[in-house]
Structures are given as C-alpha cells and as structure tokens.
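Reader: I've just opened this one and could use a guide. Could you walk me through it, one question at a time?

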Amino acid sequence: MEETFVPFRGIKNDLKERLLCYKQDWTGGFCAGIRILAPTTYIFFASAIPVISFGEQLERSTDGSLTAVQTLASTALCGIIHSVVGGQPLLILGVAEPTVLMYTFMFNFVKDRKDLGHKLFLAWTGWVCVWTALLLFLLAILGACSIINRFTRVAGELFGLLIAMLFMQQAIRGVVEEFGIPQRENPEQTALQPSWRFGNGMFALVLSFGLLLTALGSRKARSWRYGTGWLRGCIADYGVPLMVLVWTAVSYIPVNDVPRGIPRRLFSPNPWSAGAYSNWTVIKEMVNVPPLYIVGAFIPATMIAVLYYFDHSVASQLAQQKEFNLKKPPSYHYDLLLLGFLVILCGLIGIPPSNGVIPQSPMHTKSLATLKHQLLRNKLVSTARKSISKNSNLSQLYRSMQEAYNEMQTPLVYQLPSTLGLKELKESTIQLASSTGYIDAPVDETIFDVDKEIDELLPVEVKEQRLSNLLQALMVGGCVAAMPLLKKIPTSVLWGYFAFMAIESLPGNQFWERILLLFTAPSRRYKVLEEYHATFVETVPFKSIATFTLFQTVYLLVCFGITWIPIAGVLFPLLIMLLVPVRQYLLPKFFKGAHLQDLDAAEYEEVPAIAYNMTFEDQECQARTTHIDGAEILDEVITRSRGEIRRTQSPKISSTTPSLGDIKPYSPRVSQKAYSPQIIQLRGEGSPSLTEKGLELKQTPSPGPSTLGQSSRGSSS
C-alpha cells in the first residue's frame, strides 16, 4: 500500500481502482454457481454464533437495553451495505468484543446519573457514534491507514491475547452466575430455590464443558483417522454450530423433570414484540441529552475510533495477505471512510456498530481460496486425463494444462493477463521420466499422478467476489426473524462457546507460544524443535526471549487490569496505541535489532522440525505418498488466532554457526544444512540427542514457503 498523507488522495485512489473491477466482483460470484454456497455457509456460522453470544453478554451488561436482536441487526445491516458499496468485499463486518466492552463501560457510566440514566443511554451512545464517525472521517481523509504497518506483531498479538482473556473472563463469570439469582427475576419461583439453583449450576457446567470439549475436538476433525475426507472436512468446518445444536438438544432431556427455567436460556425480545421498536427511534431522544454530555461523548468516541481504526485495518490486512495472491487492489482508506458512515447509521438507530472482525475476515478469504482451488483442479484434472488419453508426452501435457489454467483466469479490465501461472513440474517427476527414458514418450500415471501432481502445481488463488459476503449478511439478518428459535439455546452453551473462542484464538499467537516456552522445563525444551516452530526459537538467546515475553506479559496485565476500573477502563485502547512508540523507540534500547526483528516479525515465519527417528528417505517417501485436499492444506498453514499464513523458512545462519565438521551427524545421509547454536541451549541436559560422543543432529529437509500445492505438513487422508 502506497503511503500517502495528502488529503483525500488515498480515498480517491481506492475508489478509482475498485470501480474498475466492480462488475467482475459480481460476475465472478455468479459464475461460481452453487459452489459459492459452501464458503457462504461456512462464514455465516463463523459470524452468527459469536454475534449471538455478544448479544447475550450485552443484554446482561446493559440491563436489557441491547440484546442479540440489535447485534444481529447491526452485523446484517453493515454487512449488506459493505458487500454492495464497500471497497474490499473479502472483509467481514460484525459486532466484536471490543465494541461490547466499550458499551459496557458507557452503560456503567450513565446508569447512576440522574440527568442521563437508563432512559438516555442509547441516546448518549448515539452522540458517541457521531463523534466516532467524525474522527474516522478525519483519519480516512488524512491517509492514516498508510501507517497501519507500524502496528507490529507486539501490538496485534497482545491485543489478541487481551481479547482472549476477556472471552474467558466472561465465560467464567457467566457459569458462576448460573448458580445465582438473575436480575429482573422473581426470587420466589421454584427454579430459583437454593437446591434448584445448585442443580441449574451443575447442569450448566455439564453443558458448558460439553460444548467446549466437543467443539475443540471437531476443529481437529481433518486429522482424524476415521471417516472419508469430505466427512472430516464437513465436521471441521461446521462442527462448532453442530455442537451448539447437539448440546441445545441435550438441555431438553430433563425438561419434564425440572421446573420451568432450568436450564436458563437466551433472553431477548422478539423483533415484533411490543416496545421492541424503541431502539430504532432513538434519534428522537438525542436532543434530550444535556450539552455537557454531548461534548463529553468525545472522550469514549476517541477510544472507539482508535479501536475501529486498528481492528478494521488489521482485519482487512489479514484478509489480503500477499500469499493469497490477490489480483484486485486494496481499499483501506475508502473502507475506513465507509465505516464512519456505518457507525453514524448504527448510532442513530440505537444499535452497536460493526467493524472488520478477526479471524472471520481471513477465514473468508481462506474459504474462497479453497473454492478457487476446487474449480481449477476439476478443470486441470479433466485436461490432464484427456491429454494422457491422446498419448501426449510430458511437455505437451504440461502445455495443455497451462492453457487450461489460463482459460480459467479472468484478467481485470485494466490489467494484462495474470503472470501467475502453474508451478513448474516437480523435479522428481522430470527425473523419473528422464531416468526411465520416457521424457519424450507418451505419459501415463506411473510418471504423472494426476490427482497428486496437480495439487502441487496449483498456486494459492482466491475467488474474489462480493456475492458470498452479501449472502452471509442476509443469512445473519434472517436470524433476527428466527429469534424464537434462537431463544431455545441455553446460556450455559454460550458460556462454553466464549471459552472455546478464547482457547481457539491461542494457536498461532507467538506471544502465547513464548509464555508456554517459559514454563517448559529446561530439560524438555528440545521438544519444541521436534515440531514446526517460530524462527526466534533458534536465532534468539533464551534470556532475550524470556525478557521480551515478561515485558509483554506485564503490559498485558496492566491492560487487563485497566478494564476492571469502572470509568478509567474506557482508556485501555490508549495503551494499545502506546505500543507503537514503545516498539519503535524504547525496545531497541534493550534488545538487539536482529533479535527484535525475529521476536516481532512482520509475518508468521516457521522453520521445519528437527526429527530424531526418521531417515530423510522415509520422510520424502511419506511426503510423496501423502495426498490431502486444498481445504486441509489451508487449514494447516493458516493460524487460528489471526488467520495468518505460516511462512516456512530455512534455518538462519549466524556468525556463531559452527561448521558441519564440528557436528557429528547421525547418519551419512544427514542434510548439509546450517545449524543454529540455540538448539543446544534448548535441548538441555535431558535431550536424547546428547551423548558422550557429542551432539547427534538430524534435520528434515527445509521446504519452501507454505503454499497450497505443498502437502508435507498435512496429515494423510
């Protein structure tokens, strides 16, 4: 993205470039046919269930002023508008946890004030939204999105872990409240007697932990040994909403043996109920807010604008990672301007605003990459089999597939045809054909395995279009009408889902991985090397890793502690923003530049595992015989915390790297790779690779950057 701070230039450039491909945004979606429903349904469930959970959290935090109806309506309305007139259609909008947190702070501020109180809460938040929108307009006009890259991994991962802590806090608080008496309930009813309250709480624990454990298990379905590939993929993609349905059904098993109200269920008025329309006319009450509070609304508006600027831009950035090979231009400045209009709209009708959400946005791009992979693969398999039937040689086969691939591309009206093509044929395939003398002879499937080779030839590509975003937003809107059904979900199931979101966001967060490394026994740290691991594990001394992690942990606890302060809690976004100058000016004084670069890498980089019990020939043979589909490959290479693509790097060479002559190899077949001295420190005294004769080292071959066509990290289907 070009850095420009000339007023309006960024917005002008975004509009000019996106308008040129607006027509293709729609035709591309319709050309995909019924297949577009798969990514649409996938992202709908990923968006709807958190929004329903946030609605229940808001209902409790605002004494019923806001419910799941409002959070669903906001997500649907903003999603529909953004999918039609937004710049980047891959960006998914929704009500997020930071919004819920800020609205909770604002409600706690006004509820005991006589000149505001519960009655004018939404009217005052309307003024907060007006100020927020004006600030977003200013940021978009001045090109503030140009500096989004200065929010490095330190800020992003600390913010992500803070949100995970808030999720877990809400899950624990919700389960504890299941043992108590809810507000606005008659304490004399049978279900609220001490014995039944205890029974309700214990049943809530069963439902919450049941949902948590089964949802976590279903996310790993692609690595199961049982079932066909499509069944495992279906469970992995849709297992979480399925588990919500399953545990909701379980909650009805004792319904005839317990009083009404056990277990407690989602509370929300139906959209058509009497009095349910008061939110939509809040603009009439905004004139009743005292002028002092109208001006004072600027303070929380500043915090919300900072949050939305950060969250919205980073979500858009992660949805457009360069490894996705997107062809269409980004639209950071214009999308931030549009977000300002959406915030005003939501504030005037009394619903919480929506913004770009993580990890749903990169999940959307991932699902569309899988769709594009399927469309391309079907075409290339058909072309390859047709060429084989015509007795084509290897070069003719490759040429015909390249032509079929080019036919499937739709160059933008202002671009030349895509330079991105099929990868080169695997060296092993060419060597096999050469060694057997069949390089110019007709090809058969002993030389070219159609199903497997084509997966490795295809690059990552994304079906960029607007239809899936529009359809998922419409489906979220349909949930508003389905509120009578949604109210059958037990609240304890939602608390389990909050815990699931907290745990699910941890894998791929290097801050969390470094915390775990600190608690790993020195004699067991070598085990980190037996899996794919971040580059800093081998290149940064453990003392520096520990110091950096302790700094982040203290900073995280300060941010979390501020959220507990009733009024000052609204200021926590300032601490997130403060990390930019801290990272740029303060941390370099305490850490070496090279160490900071690895600890605060711009991208998620990994180095391959160091294996102990498998020869290279065994590993290469396993890689050759492994076949997995595109969805499974992408599921393995994309982190769950922020939706980043894992970049696999070769081990780095430093000035202290010993020569291979100083290392006694385990086998004469050991790869002549560079060796990092940090490995010795991590292995410690208990490592099985340290013997009296010296260090026995064995490394796996280093694959290139993670792409769709590589299957070395997947599991067997």
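**A salt bridge and its surroundings**

Author: Let's start with Asp25, which counts as buried because its relative accessibility is 0%. Keep in mind that this is a predicted model.

Reader: Which residue does the side chain of Asp25 meet in a salt bridge?

Author: The N to O distance in this pair is 2.7 Å. Asp25 belongs to helix α2 (residues 22-31), while its partner sits in the loop between α11 (298-319) and α12 (332-348), 303 residues apart, so the pair links distant parts of the chain. The partner is Lys328.

Reader: Is Lys328 buried or exposed?

Author: Buried means under 20% relative accessible area. Lys328 has a relative accessible area of 9%. That value is under the cut-off, so Lys328 is buried.

Reader: Which residues are linked with Asp25 and Lys328 in a network of salt bridges?

Author: Asp25 and Lys328 already meet in a salt bridge. The network they belong to also takes in two arginines, Arg18 and Arg466.

Reader: How many salt bridges does the count come to?

Author: To be counted, a side-chain nitrogen of Lys or Arg has to be within 4 Å of a carboxyl oxygen of Asp or Glu. The pair of Lys328 and Asp25, at 2.7 Å, is one of them. By this rule the count comes to eight.

Reader: Which residue forms a salt bridge with Glu504?

Author: The closest N and O atoms of this pair are 2.8 Å apart. Glu504 lies in helix α19 (residues 491-504) and its partner in the loop between α8 (194-218) and α9, so the bridge ties together parts that are 285 residues apart in sequence. Both residues are buried. The partner of Glu504 is Arg219.

Reader: And Asp600, how many residues apart in sequence are the parts that its pair with Arg583 ties together?

Author: The side chains of Asp600 and Arg583 meet in a salt bridge at 2.5 Å, N to O, and both residues are buried. Asp600 lies in the loop between α24 (593-599) and β4 (605-607), and Arg583 is in helix α23 (residues 572-586), so the pair ties together parts whose separation in sequence is 17 residues.

Reader: Let's turn to pockets. What volume does the second largest pocket have, and which helix gives the most to its lining?

Author: The second largest pocket has a volume of about 1600 Å³. Of the 49 residues that line it, the closest to its centre are Glu56, Glu59, Arg60, Glu177 and Pro182. Helices α3 (37-61), α5 (97-110) and α7 (153-177) each supply at least two residues of the lining. The one that gives the most, with six residues, is α5.

Reader: How many residues in the lining of that pocket are charged?

Author: Asp, Glu, Lys and Arg count as charged. The lining of the second largest pocket also holds 21 nonpolar and 13 polar residues. The number of charged ones is 15.

Reader: How far apart are the C-alpha atoms of Gly156 and Val314?

Author: Gly156 has its place in helix α7, and it is buried, with a relative accessible area of 8%. Along the chain, Gly156 and Val314 are 158 residues apart. Their C-alpha atoms are separated by 8.3 Å.

Reader: Where is the cis peptide bond that ends at Pro263?

Author: Pro263 is found in the loop between α9 and α10 (291-296). The bond has omega near -5 degrees. It runs from Ile262 to Pro263.

Reader: Phi of Phe8 has a positive value, so what is it near, and is Phe8 buried or exposed?

Author: Phe8 lies in the segment before α1 (9-20). Its phi is near 75 degrees, in a residue other than glycine. With a relative accessible area of 52%, Phe8 is exposed.

Reader: Last one: which residues make the nonpolar surface patch with Val246?

Author: Val246 is found in helix α9 (residues 229-250). At 35% relative accessibility, Val246 counts as partly exposed. The patch covers about 270 Å², and the residues that make it along with Val246 are Leu242 and Leu245.

Methods:
Residues are numbered from 1 along each chain as its sequence is written. This is a predicted model: local features need pLDDT of at least 70, side-chain atom pairs count only at pLDDT 80 or more; totals for chains, interfaces and linings use all residues. Side-chain values use heavy atoms; hydrogens and water are left out. Patches are made of residues with over 30% relative accessible area and no salt bridge: like charges are joined within 9 Å, nonpolar side chains (Val, Leu, Ile, Met, Phe, Trp, Tyr) within 5 Å. Accessible areas come from the Shrake-Rupley method with a 1.4 Å probe; for residues, only the protein chains shown count as cover. Helices (H or I, at least four residues) and strands (E, at least two) are DSSP runs, numbered from the N terminus. Buried means under 20% relative accessible area, exposed over 50%, partly exposed in between (1.4 Å probe, protein chains only). On a 1 Å grid over the protein atoms alone, a cavity is a set of points where a 1.4 Å probe fits but cannot get out, and a pocket is an open set with protein on both sides within 12 Å along at least five of seven lines; lining residues have an atom within 4 Å of a point. Grid points are joined across faces, edges and corners, and a volume is the space filled by probe spheres set on the points.
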